[in-house]
Amino acid sequence: MQDVDSRLPMILLQDQYGRTKRKLRISVTDRCNFKCVYCMPEHPEWMNKKDLLGFESLFYFCDFMVQSGIENIRITGGEPLMRHGIVHFIQDLQSLRSKGLKRISMTTNAHYLAKYAHDLKRAGLDDLNISLDSLDPAQFFQLTQKNIQPVLEGIAAAKQAGLPFKINTVLIKGKNESQILALVHWAKAQSVPLRFIEFMPLDGDQHWTQADVVSEQDILDVLATQFQIQELKQAHEPARLYRLNGTYDVGIISTITHSFCGECDRIRLTAQGELYNCLFATQGLKLKPILDQLVQQNDQEVHQHLQQRLSEQTTAYIWRKAKGFHSIDRQHRKISMHMIGG
Ligand code: SAM
Ligand code: SF4
Ligand code: SF4
């Protein structure tokens with residue numbers, strides 16, 4: 001396999017609004033064993049396995065991006081623990097730390113986590129985001145079509161393995177806003193970080209309406225019934241933090257009512273190897289063909305030429321990133337959350 005030629009110019013990670021990209025999210029599969037109402041289409045059409053970007057090409061891309069300035073890589077899906085070889089891939093990524101990679105994270109539904117937590121820790125994963133939308137078993141089943149028990153076991157295993165994690169909860173009107181206080185009490189009791197996420201128009205069947213969104217203000221109104229709330233100064237994170245009774249911080253990610261697009265430092269790669277400069281981009285950049293050629297090419301000159309092309313195309317695509325959520329025609333978004341992964 002050919003290595004990235006670091007003598008060639010890398011890509012510029014800046015967009016037309018001056019935002020520098022530091023975070024890369026890679027979806028390693030569109031498949032998932034859950035069917036979350038806010039994410040999966042009723043009849044998902046999984047991509048053909050032969051269209052998946054292979055680990056060699058994916059590693060080449062990660063190497064190339066880290067040498068260009070990416071500091072954090074998050075592995076997501078679909079459900080990333082359903083991709084065979086994922087632990088090994090995380091092990092491989094360790095070699096990029098000496099080139100500037102600072103953090104390797106994963107977002108998971110935790111269903112298979114009990115089996116993998118120790119291996120992930122050993123492979124060098126830094127931390128996890130775990131999705132958990134309800135503590136009520138019946139409601140959890142309604143939301144995901146799966147049982148909660150393996151997820152709770154996965155969370156216990158992450159703790160045991162010493163893998164730091166945050167809990168992410170998507171709230172939907174009329175479905176699980178009743179869980180706001182229950183989840184806060186549960187997370188607070190275990191000193192686990194918790195973040196609520198506003199439902200975004202990224203569901204597979206495009207049923208989203210504004211009326212389904214439990215807004216940041218709705219969440220604060222519920223919290224105010226039991227807690228004194230102090231807003232903390234926003235760090236360079238999408239979540240706004242609120243201190244409850246001076247003792248526990250809860251985060252709220254409110255793309256709909258308080259978008260953080262002005263500071264967006266993310267880009268995303270789908271499992272098919274298509275780059276997206278924004279969750280709502282109407283056009284991606286297909287990189288699989290060129291990445292596959294790059295890892296197979298043994299001729300030094302051809303390799304250099306291809307890398308130059310990869311560099312130019314990627315730089316231009318990132319530069320064209322739109323201003324953000326409110327400036328994009330979301331009717332024409334190309335992808336849904338299970339394809340690009342949060
Ligand atoms: N399967 C893994 C999981 O659920 O954690 C990783 C992929 S999932 C697409 C990544 C994150 O996106 C999850 O935290 C999920 O709750 C969130 N998500 C999915 N659809 C969403 C939507 N329509 N609005 C907001 N967040 C969403
Ligand atoms: Fe699967 Fe994650 Fe989407 Fe739920 S949110 S359906 S667990 S990909
Ligand atoms: Fe970044 Fe696009 Fe999400 Fe805004 S909507 S935070 S620009 S990915």
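This is a predicted model: local features need pLDDT of at least 70, side-chain atom pairs count only at pLDDT 80 or more; totals for chains, interfaces and linings use all residues.
Student: What should I know about the conventions?

Tutor: Local features need pLDDT of at least 70, side-chain atom pairs count only at pLDDT 80 or more, and totals for chains, interfaces and linings use all residues. Residues are numbered from 1 along each chain as its sequence is written, chains are lettered from A and ligands numbered from 1 in the order in which they are written, and side-chain values use heavy atoms, leaving out hydrogens and water.

Student: How many aromatic pairs does the structure hold?

Tutor: Rings of Phe, Tyr and Trp (its six-membered ring) pair if their centres lie within 6.5 Å; planes under 30 degrees apart count as stacked, over 60 as edge-to-face and the rest as tilted. Here there are two such pairs. Phenylalanine 34 and phenylalanine 140 are edge-to-face, at 6.1 Å centre to centre with 85° between the planes.

Student: Why is the pair of phenylalanine 55 and phenylalanine 89 stacked?

Tutor: Their ring centres are 5.0 Å apart and their planes are at 25°, so the pair counts as stacked.

Student: What sits over the ring of phenylalanine 55?

Tutor: A charge sits over a ring if NZ of Lys or CZ of Arg is within 6 Å of the ring centre and within 35 degrees of the ring normal. In this model, the charged end of arginine 83 does so, 4.2 Å from the centre of the phenylalanine 55 ring.
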